[in-house]
Amino acid sequence: MAKPGYRVFDTQVAQITRMSPHFVRVTFRSDDLRELGWDGPDQRIKVVLPLASSGYDHVPFEGDWYSAWRALPDERRNPIRTYTIREARPAAGELDVDFVAHGDSGPASRWIGTAKPGDRLLVIAPDATSEEESGGWEWRPGAAGTLLIAGDETAVPAVGAILEQLPDDSRGAVFLEVPEAADALELRGPSGVAVHWLARDAAAHGHDGEPGYGARLVEAVTAWADAWVAADPAAAAVPAAAPATARELPALDDDDLVWEAPAAADDGGVYAWLAGEATAITTLRRHLVKGLGVDRRRVAFMGYWKLGRAEG
Ligand SMILES: Cc1cc2nc3c(=O)[nH]c(=O)nc-3n(C[C@H](O)[C@H](O)[C@H](O)COP(=O)(O)OP(=O)(O)OC[C@H]3O[C@@H](n4cnc5c(N)ncnc54)[C@H](O)[C@@H]3O)c2cc1C
């Protein structure tokens, strides 16, 4: 049987850097990480969080660990959450992950509140020694002429990595909504791709005590897209040669589906990559595809989390 593209890596926290009020970078280090793979800039990984009572005593490491993990009773099943490789340095056995600290409501955010150097963390990530592709990445812009990248704080690590590997002559716009102005990080990217930071403004957009997730993102991206499609409608149209899709595209009206990641056409048109809170991302995608007629094969959209719902 072929070696799976992913495996469990045993790591230790080497360094914790508070980058801004809500971003915490954790550098993990271990010999195991020398075999870490990194297939695409928005490469997702899973962190397996320790249980307060029993740490990792019940994690099924061998064989079909996922089925075995699912079959465990709640109190013995370690929470698993999805994150992004911000940077990997396999030669040094190092991995950086940028965690959003959003309080005590979830096990991952709680973990980041107390983590310290030396702590152990299990990470499920691509295995560089496997010939199988990990499949856990979606950035496939082809030869797009214009890039539209939009996300909230959970997408900032992926966008940071995407920007760093873009060709120098790339053109487009990036919109990133973050909790507050001080969460705007330094990102390196081509000069033709303007980065717009949007600080969430709870007073203006919030209701029912919620800080108005996605409101500023939707507003800014909608305004940009309206102007852009009006100026260049051809770039949004159905590609002349329909691109191969990364996945079979399901029915457009399935509102529960917040993940579709086609590979863009190589025709110089637009490629949009949208990731963040599911409702906001769905609204944006709907506006682009249904409102403005952007061909859906040009729009990758990924619900990274959903307000009021724990992952898993
Ligand atoms: C492909 C992918 C890549 C991701 N990459 C990153 C990454 O690099 N960094 C990162 O920080 N996150 C990332 N996320 C998002 C992360 O998986 C979720 O935020 C996850 O829910 C956090 O787990 P938790 O245990 O803290 O909260 P959960 O137990 O999952 O949720 C508990 C509660 O917290 C709320 N919640 C979850 N996330 C947030 C948030 N960010 N802000 C406010 N409320 C929230 C939920 O709605 C729920 O009510 C990624 C998600 C995906 C799918």
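Which strand does Glu177 lie in? Select strand 9, residues 172–178, and you will find Glu177 there; strands here are DSSP runs (E, at least two residues) and helices are DSSP runs too (H or I, at least four), numbered from the N terminus.

Before going further, a word on what is loaded. This is a predicted model, in which local features need pLDDT of at least 70, side-chain atom pairs count only at pLDDT 80 or more, and totals for chains, interfaces and linings use all residues. Residues are numbered from 1 along each chain as its sequence is written, and side-chain values use heavy atoms, with hydrogens and water left out.

**Stop 1: Glu177**

Stay on Glu177 and show the surface. Glu177 has a relative accessible area of 0%, so it counts as buried (under 20%; exposed is over 50%, partly exposed in between, with a 1.4 Å probe and protein chains only). Now display Arg216: its backbone nitrogen is 3.2 Å from a polar atom of the Glu177 side chain, a polar contact (a pair of N or O atoms within 3.5 Å; within protein, one must be able to donate a hydrogen and the other to accept it, and residues adjacent in sequence count only if both atoms are side-chain atoms). Beyond four places in sequence, Glu177 also has contacts (heavy atoms within 4.5 Å) that include Asp152, Arg200 and Tyr213.

**Stop 2: Glu219**

Next, select helix 5, residues 215–231, and pick out Glu219. Its relative accessibility is 48%, so Glu219 is partly exposed.

**Stop 3**

A polar backbone atom of Thr82 is 2.6 Å from a ligand oxygen, while a polar side-chain atom of Thr84 is 2.8 Å from a ligand nitrogen. The protein buries 92% of the 910 Å² that the ligand exposes when taken alone (Shrake-Rupley method, 1.4 Å probe).

**Stop 4: helix 2**

Finish on helix 2, where Pro107, Ala108, Ser109, Trp111 and Ile112 are the buried residues. Among the elements covering them are strand 1 (6–18), strand 2 (23–29) and strand 7 (120–126).
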